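Subject: Structure handover

Hello,

Here is the structure I promised to pass on. Please open it first, then read my notes below with the model beside you.

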Amino acid sequence: MSTVLVVEDSPTQREIIIDLLQGSGLTVMIATDGMEALEHLQEASCPDLVVLDIVMPRMNGYEVCRKLKTDPKTQNVPVVMCSSKGEEFDRYWGMKQGADAYIVKPFQPKELLATVKQLLRGQG
């Protein structure tokens, strides 16, 4: 069973994403901001995938993604950026930081699940 770290500061969005992932049989870890996400990744066993918001307190998703992708321990963990920042530049910048996928909120539940499952399959 795969574990997904959900990094999202909005309680409502967090609940939606958690319900979706757990409903499809995934184990979910939660972080409410970028700093907490990095703490999780240092302590715990690495998640199989990270769903990452961009606009968060303390450390934004771009920074978190950059740190994940430059750390040998976490560089191969797929990152799905999930943000309300929907401009082409935001998507470009997210991918430039190393994100494996970029989904704009409000997202279609099927789109997020399909993206997560595809990236998890690509890992195995």
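**The sheet**

The model has an open sheet of 5 strands, in the order β2-β1-β3-β4-β5, with parallel pairing. The edge strands are β2 (27–31) and β5 (101–104), and each of them pairs on one side only. From one strand to the next, the twist averages 20°. Strand β1 (residues 3–7) runs parallel to β2, and 5 bridges join the two. Leucine 5 stands opposite methionine 29 in β2.

Some terms here need their rules. Two strands pair if DSSP finds at least two bridges between them. Helices (H or I, at least four residues) and strands (E, at least two) are DSSP runs, numbered from the N terminus.

**What you are looking at**

This is a predicted model, in which local features need pLDDT of at least 70 and side-chain atom pairs count only at pLDDT 80 or more, while totals for chains, interfaces and linings use all residues. Residues are numbered from 1 along each chain as its sequence is written, and side-chain values use heavy atoms, with hydrogens and water left out.

**Helices across the sheet**

Helix α1 (residues 11–23) lies across β1, β2, β3 (49–52) and β4 (79–83). It runs at about 160° to β2. Helix α5 (residues 109–123) lies across β1, β3, β4 and β5, and runs at about 170° to β5. Angles run from 0 to 180 degrees between N-to-C directions, and axes are lines fitted to C-alpha atoms, for helices over the stretch in contact. Contact means heavy atoms within 4.5 Å.

**Aspartate 53**

Which residue does UniProt list for "modified residue: 4-aspartylphosphate"? The record, an unreviewed entry, gives Asp53. UniProt positions are in the numbering used here, feature names are shortened, and annotations may be inferred rather than shown by experiment.

Find aspartate 53 in the loop between β3 and α3 (61–70). Is aspartate 53 buried or exposed? It counts as buried, because its relative accessibility is 5%. The cut-offs are these: buried is under 20% relative accessible area, exposed is over 50%, and partly exposed is in between (1.4 Å probe, protein chains only). Setting aside neighbours within four places in sequence, aspartate 53 is in contact with Val7, Glu8, Asp9, Gly61, Cys82, Ser83 and Lys105.

**Salt bridges**

A salt bridge is a side-chain nitrogen of Lys or Arg within 4 Å of a carboxyl oxygen of Asp or Glu. How many salt bridges does this rule give? The count is 5.

One of them joins glutamate 8 to lysine 105, with the closest N and O atoms 2.6 Å apart. This pair links distant parts of the chain, 97 residues apart. Glutamate 8 is in the loop between β1 and α1, and lysine 105 is in the loop between β5 and α5. Glutamate 8 is buried, at 2% relative accessibility. Lysine 105 is buried too, at 12%.

Aspartate 53 also meets lysine 105 in a salt bridge (3.2 Å, N to O). Those two residues are 52 apart in the chain.

Lysine 69 and aspartate 100 form another salt bridge (3.0 Å, N to O). Lysine 69 lies in helix α3 and aspartate 100 in the loop between α4 (88–96) and β5, so the pair ties together parts 31 residues apart in sequence. Lysine 69 is buried at 18% relative accessibility, whereas aspartate 100 is partly exposed at 35%.

Finally, salt bridges that share partners join Glu8, Asp53 and Lys105 into one network.

Best wishes
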